[in-house]
Amino acid sequence: MMKTIDDFAVEGLRVLVRADLNVPLDGGRVADDGRILASLPTLAALKARGARIIVCAHLGRPGGQPDPRYSLAPVAARLAGLLGERVEFATDTTGPAARAAVAALRPGGVVMLENLRFDAAETSKDDAQRGRFADQLAGLADLYVSDGFGAVHRKHASVYDVALRLPHAAGYLVQAEVAALDRLTADIRRPYLVVLGGAKVTDKFGAFGSLLGAADRILVGGAMAFPFLAALGHPTGTSLLAADQVDAAATYLDKAAPGQIELPSDLVVAAEITASAPHQVVAADAIPDGQMGLDIGPETAGTFAAALGEAGTVFWNGPMGVFELATYAAGTRAVAGAMTDGTAFTVVGGGDTSAAIHALGFAEEAFGHVSTGGGASLEFIEGKTLPGLAVLETP
Ligand code: ADP
Ligand code: MG
């Protein structure tokens, strides 16, 4: 059984909270604070109960060494504002600054450690190396709370190994995510549609394998579409093509029932990713030389919206286009709109996907559940064992 923070008397304890604060930054400013907001219930409860709170998290992929562009300092500042509480920022992760800040913590106080991924051991494939880093993290605390749902699919030191070294509990966010996503693994109301898009294609492409066995239809947009178009022999121009996934795409197309994988029929293309570049709608099998697909086209948006209108359950990860630029946001808006208009139980997963619904003016309440995890929610609905959840089940 997974324990929760309600199962522990935390007053005075040093509690290490692994949060997911991997928010999009725009010139050093927090561009979307959805994940910070999602971490508040656990932190506020621990604070109210007099815990000494140590928040740890990662930001981006700094490559295992300190890099000021990936500092969590702006995130600590935003967290302080939202929590209405001083957040002491340690300029290292487990070094002298972190130890001194933790030693000075008073009950109800909050310290945030610098980016976990400034240490290569955090994400190392070598158990011993991760273990040594986890020893250092565990040495800072009496209790470990796992609340960074967006990272629970990673066997990382702060997600997995540290839980083996300390009494551990799930935070409220992890609890809520598991409760909502469980509805996509059993007794699914059909038809069950999955919408996949976005840019982290290589990370997520394997999901098609299990989803073909679970979903009635998979609607594909964003850069996810290009390996399929390439597998069908269509030109992809200068689109963001995960060339290493083209063979897999061919296999999935073979395996799928007719129409089970729904690809775009048209695309919005341009020569470069800027708002001002001339753009046009073309057939998806005829991307011109030197042009890249940056959004699904209007015909595709209509097809996808119609399908979503008749769904019983929808899971969506990955924007349909480069929604950050208004020119390429229409496909993403159409999918979000159809999901909120329909009667399906809808789940949105992914940092950028939830940032997209906020940016396009949709209320989170209009969806059944907005997950903070992209890769994590996807692996969960695939039925995989997530290391960061499995370890919480251990005594
Ligand atoms: P999430 O964070 O929700 O899991 P991803 O990180 O996989 O999603 O992808 C989000 C990014 O995908 C967005 O920044 C968006 O601009 C980008 N994107 C969507 N469609 C395309 C496309 N056709 N070409 C390039 N990038 C795209
Ligand atoms: Mg992303």
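Me: Which element supplies the largest share of the shell around ligand 1?

Reply: The model is predicted. To read a shell, one takes the residues around the ligand and asks from which elements they come. Here helix H12 gives the largest share, three residues. Helix H12 (351-359) and strand E14 (292-296) each supply at least two residues of the shell.

Me: How many residues surround ligand 1, and which are the closest?

Reply: The shell has 19 residues, the closest being Ala199, Lys204, Glu324, Asp352 and Thr353.

Me: Which atoms of Lys204, Asp352 and Gly293 approach the ligand?

Reply: Polar contacts are read as pairs of N or O atoms within 3.5 Å. In the side chain of Lys204, an N or O atom is 2.7 Å from an oxygen atom of ligand 1. Asp352 places a backbone N or O atom 2.8 Å from an oxygen atom of the ligand, while a backbone N or O atom of Gly293 lies 3.0 Å from a nitrogen atom of ligand 1. The protein buries 90% of the 580 Å² that ligand 1 exposes when taken alone.

Me: Why is strand E1 described as largely enclosed?

Reply: A residue is called buried when its relative accessible area is under 20%. Strand E1 (residues 14-18) is largely enclosed by the rest of the structure because four of its five residues are buried.

Me: Which strands does E1 run parallel to?

Reply: E1 runs parallel to E4 (residues 52-56), joined by five bridges, and parallel to E7 (residues 143-146), joined by four bridges. Val15 stands opposite Ile53 in E4 and opposite Leu143 in E7.

Technical notes
Residues numbered from 1 in each chain as written. Chains lettered and ligands numbered in written order. Predicted model: local features only at pLDDT ≥ 70, side-chain atom pairs only at ≥ 80, totals over all residues. Heavy atoms only, no water. Near = heavy atom within 4 Å. Polar contact = N/O pair within 3.5 Å; in protein donor to acceptor, adjacent residues only side chain to side chain. Areas by Shrake-Rupley, 256 points an atom, 1.4 Å probe, with all protein chains shown as cover. Buried < 20%, exposed > 50% of the residue type's maximum accessible area, 1.4 Å probe, protein only. Pairing = 2+ DSSP bridges.
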